[in-house]
Amino acid sequence: NIKMKFLISLLTLSSAAAFAPSSFTAPAATSTQLYGEYGASSTSFYTTTEKQDSYASLEAVLGEKCADEKVRLVIKDMLEACADITEALRTALVTVEGSANTFGDAQLSVDVIADQLMWESCKNSATIREGASEEDPEVRNTDEQGDGEFTVCWDPLDGSSIVDNNWAVGTIIGIWPKSTGLIGATGRDQVTSLVAIYGPRTTVLVALDDGTYEFSYGCTPEGCELPDGSFEPWICSRSDIKIAEDTKIFSPANLRAAQEVPGYKKLIDMYMVDKYTLRYSGGLVPDIYQQFTKNMGIFTNPTSESSPAKLRLAFEAAPFALLVEKAGGKSSDGVTGGSILDVQIDSVDQRTALAIGSANEVDRFNDWVIDGN
């Protein structure tokens, strides 16, 4: 055991040495490569992203890639909340809390903890004026001083149905300016959005001025140690991420609708016949997040008469759509074929169909499922 602990310590020190302070320069993107025709087993996709000599700090990236000082501050507030949720998930048991959310769903202990941490973050923030949680979809004032600028909407812990399996779950956050608020605004009005995924590591996608960036949390429990002995809690692990126009990875939600929507059945059949790789967990965050790590993918969630829309526009679809479209992907509202970012938010709990990911596959979804071609 002593030898093992010593070995782990050496590996940790070796990893931490890679995090050197520097002015931010976006590292050259190393896209996911394919082994064989589609992967080592002809169905798998493995990363070839190589370790860098150094990684830029959160401060360096925000200083160069986010011009608005208040947006920089709210991003840091939300990342701090994601860090707190990370630590809570490591120690909290997944049990039924004994309470229910607005929709009558039984709340889990981790749902309640994550939601409380988000509310605390909003109340303690100097830049946030209003908050709304998917657990209780009502916009509430959090700005006691009256100086807040942003309305923040969040799904505190997306993936409640799979968290007891210890599968990856996440937090989804959309942020709107005071000039629009939430009601009557669109997803395109967001000043930024963030999606955190809690798996073996905690990483967060953030929409910045020129694209989508990923930040990784704490390479050690104290953070990432720099040569000067200081620690950085967050480093930029992926810069200006791009989603390819084509994909061989698909994530089909609401398969019940394929029994009623001929175009969706046709689409699923095509994925299978053409040997696309199925990557679907039932968690919205991991199922869409993989598009940023594999640099491709398509997530589909159409509706039918007996399978109505479940995804929340403000809490889930719009924040993800901002990140995907900034990375070169597309989104569809599943009804008109237009971008999710152009759908007006008329109620806090508004639901929507969704197709999102690689542009050519979203176009195919619109053509087959919506237009019936």
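Which residue of β7 is the bridge partner of I173? In this predicted model, that partner is L194. The pair belongs to the contact between strand β6 (residues 169–177) and strand β7 (residues 192–198), which run antiparallel and are joined by 7 bridges. I172, in turn, has V195 as its bridge partner in β7. The sheet that holds these strands, the helices that lie across it, and a further set of paired strands are described below.

The protein contains 8 helices and 19 strands. Of its 373 residues, 53% are buried. Where contacts link residues at least 6 apart in sequence, 64% of them join residues at least 24 apart.

An open sheet is formed by 8 strands, arranged in the order β4-β3-β5-β6-β7-β8-β9-β12 and with mixed pairing. Its edges are β4 (136–141) and β12 (234–238); each has a single partner strand, so one side of each is left without a neighbour in the sheet. From one strand to the next, the twist averages 20°.

Within this order, β6 stands between β5 and β7. On the β5 side the two strands run antiparallel and are joined by 7 bridges, and the bridge partner of F150 is P177 in β6. The pairing of β6 with β7 is likewise in the antiparallel sense, over 7 bridges. Burial along β6 extends to 9 of its 9 residues, so the strand is largely enclosed by the rest of the structure. Both of its faces are covered. One side carries V169, T171, I173, I175 and P177, and the other carries G170, I172, G174 and W176; all of these are buried.

Helix α4 (residues 109–124) lies across β3 (128–133), β4, β5 (150–158) and β6, and runs at about 160° to β5. Helix α2 (residues 58–65) lies across β8 (202–208), β9 (211–217) and β12, and its direction makes an angle of about 165° with β9.

The crossing of α2 past α3 is right-handed. On the α2 side the contact involves L58, E59, L62 and G63, which meet R72, I75, K76 and L79 of α3. By class, this contact has 4 nonpolar, 1 polar and 3 charged residues.

Helix α6 (residues 284–293) has 10 of its 10 residues buried, so it is largely enclosed by the rest of the structure. The buried residues are L284, V285, P286, D287, I288, Y289, Q290, Q291, F292 and T293. Just after this helix, N295 takes a positive phi of about 60°.

The packing of α6 with helix α7 (residues 313–326) has an angle of about 10°, and the axes are 11 Å apart. Angles under 35 degrees count as roughly parallel, and α6 and α7 are therefore roughly parallel to each other. In this contact, α6 contributes L284, V285, I288, Y289, Q291 and F292, and α7 contributes E316, F320, L323 and V324. These residues divide into 8 nonpolar, 1 polar and 1 charged.

A further set of paired strands involves β15 (residues 298–301). I298 and T300 point one way from β15, F299 and N301 point the other way, and all are buried. Strand β13 (residues 249–252) runs parallel to β15 and is joined to it by 3 bridges; the bridge partner of S251 in β15 is F299. With strand β19 (residues 354–357), β15 pairs in the antiparallel sense over 4 bridges, and I298 has G357 as its bridge partner in β19.

Notes
Residues are numbered from 1 along each chain as its sequence is written. This is a predicted model: local features need pLDDT of at least 70, side-chain atom pairs count only at pLDDT 80 or more; totals for chains, interfaces and linings use all residues. Side-chain values use heavy atoms; hydrogens and water are left out. Two strands pair if DSSP finds at least two bridges between them. Axes are lines fitted to C-alpha atoms, for helices over the stretch in contact, and angles run from 0 to 180 degrees between N-to-C directions. Contact means heavy atoms within 4.5 Å. Buried means under 20% relative accessible area, exposed over 50%, partly exposed in between (1.4 Å probe, protein chains only). A crossing is left-handed if the near helix is turned anticlockwise from the far one by less than a right angle, and right-handed if clockwise. Ala, Val, Leu, Ile, Met, Phe, Trp, Tyr, Cys and Pro count as nonpolar, Asp, Glu, Lys and Arg as charged, and the others, Gly among them, as polar. Angles under 35 degrees count as roughly parallel, over 145 as roughly antiparallel, 65 to 115 as roughly perpendicular and the rest as oblique.
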